[in-house]
Amino acid sequence: MAEIRIRSTNERITGEEQVKAFLDKQEVLYEHWDPGKLPASLQERFDLSDEEKAQILQTFDSEIRDLAARRGYRTWDIVVLSEATPNIEELLKKFEQVHTHTEDEVRAITAGNGIFIIKGTDDVGYFDVELTAGDVISVPEHKPHFFTLMEDRKIVAVRLFIETEGWIAHPFDDPAFIKA
Ligand SMILES: [Fe+2]
């Protein structure tokens, strides 16, 4: 289940209802899928073949299609990151830059962990959303953010998109952002 850390105060928000209420206020969509739907042979696996990725998409097909119908996504795929990913260090360095997109960024975590760092309203500032298997998040278009891995350094997630152009990251140079 997702947890929030507000960077300026180190305050943590836990519990599904509290997390959801906080994210609602920040206009960040938060939902939950049942990660237990995945066959045991695909749980906590990070070296996936194309067939296995297709099997994960098939397992969550009704959840994906429901989300897509409500929010207009037209394509989806699986992204896997782990120590086995070539150039993982460079990739993470590239990821860890605040940026925006012209469409929302949707991730449904099916294994492992990850963090979205998001610029909240002025009274909140930057906050972390720590995600685990089953968490589904959508960072709204034009909202400054970045994504990175947690200590386990591995994740499998479903990504959903409206248009391919929406994937492009536009750097957001923010003196208010402090890496911590
Ligand atoms: Fe992004």
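Let me start with a term: two residues are in contact if their C-beta atoms, placed from the backbone, lie within 7 Å. Keep that in mind for what follows.

This is a predicted model, where local features need pLDDT of at least 70, side-chain atom pairs count only at pLDDT 80 or more, and totals for chains, interfaces and linings use all residues. Residues are numbered from 1 along each chain as its sequence is written.

Two more terms. Helices (H or I, at least four residues) and strands (E, at least two) are DSSP runs, numbered from the N terminus. A residue is buried if 20 or more other C-beta atoms lie within 10 Å of its own, exposed if 12 or fewer, and partly exposed in between; these C-beta atoms too are placed from the backbone.

Start with Leu 23. It sits in helix H1. Is Leu 23 buried or exposed? Buried, because it has 22 C-beta neighbours inside 10 Å. Leave aside its neighbours within four places in sequence, and Leu 23 is in contact with Val 28 and Tyr 30. Now look further along the chain. Val 129 is 106 residues away from Leu 23, yet their C-alpha atoms are separated by 9.1 Å.

Next, two glutamates in loops. Most residues other than glycine have a negative phi. Glu 27 has a positive one, near 60°. Its place is the loop between helix H1 (16–25) and strand S3 (29–32). Glu 27 counts as partly exposed because it has 13 C-beta neighbours inside 10 Å.

Glu 44 also has a positive phi, about 55°, and is not a glycine. Find it in the loop between S3 and helix H2 (50–59). With 14 C-beta neighbours inside 10 Å, Glu 44 counts as partly exposed.

Now the annotated site. Which residues does the UniProt annotation "binding site" cover? The unreviewed entry gives His 99, His 101, Glu 105 and His 145. They are spread over 47 residues of sequence, but they cluster in space, with a largest C-alpha distance of 11.3 Å. A word on the record: UniProt positions are given in the numbering used here, feature names are shortened, and annotations may be inferred rather than shown by experiment.

Take Glu 105 from that set. It belongs to strand S6 (residues 105–119). Glu 105 is buried, because 24 C-beta neighbours lie inside 10 Å. Not counting residues up to four places away in sequence, Glu 105 touches Ser 138 and Val 139.

His 145 is in strand S9 (residues 145–149). It is buried too, with 20 other C-beta atoms within 10 Å. Again not counting residues up to four places away in sequence, His 145 touches several residues, including Val 98, Phe 116 and Val 139.

On to strand S10 (residues 155–161). How many of its seven residues are buried? Six, so the strand is mostly covered. For pairing, the rule is that DSSP finds at least two bridges between two strands. Strand S4 (residues 75–81) runs antiparallel to S10, joined by seven bridges. Within that pair, Ile 78 has Val 158 as its bridge partner. S6 is antiparallel to S10 as well, with six bridges. Ala 111 stands opposite Val 156 in S10.

Last stop, Lys 93, in helix H4 (residues 88–95). Lys 93 counts as exposed because it has 11 C-beta neighbours inside 10 Å.
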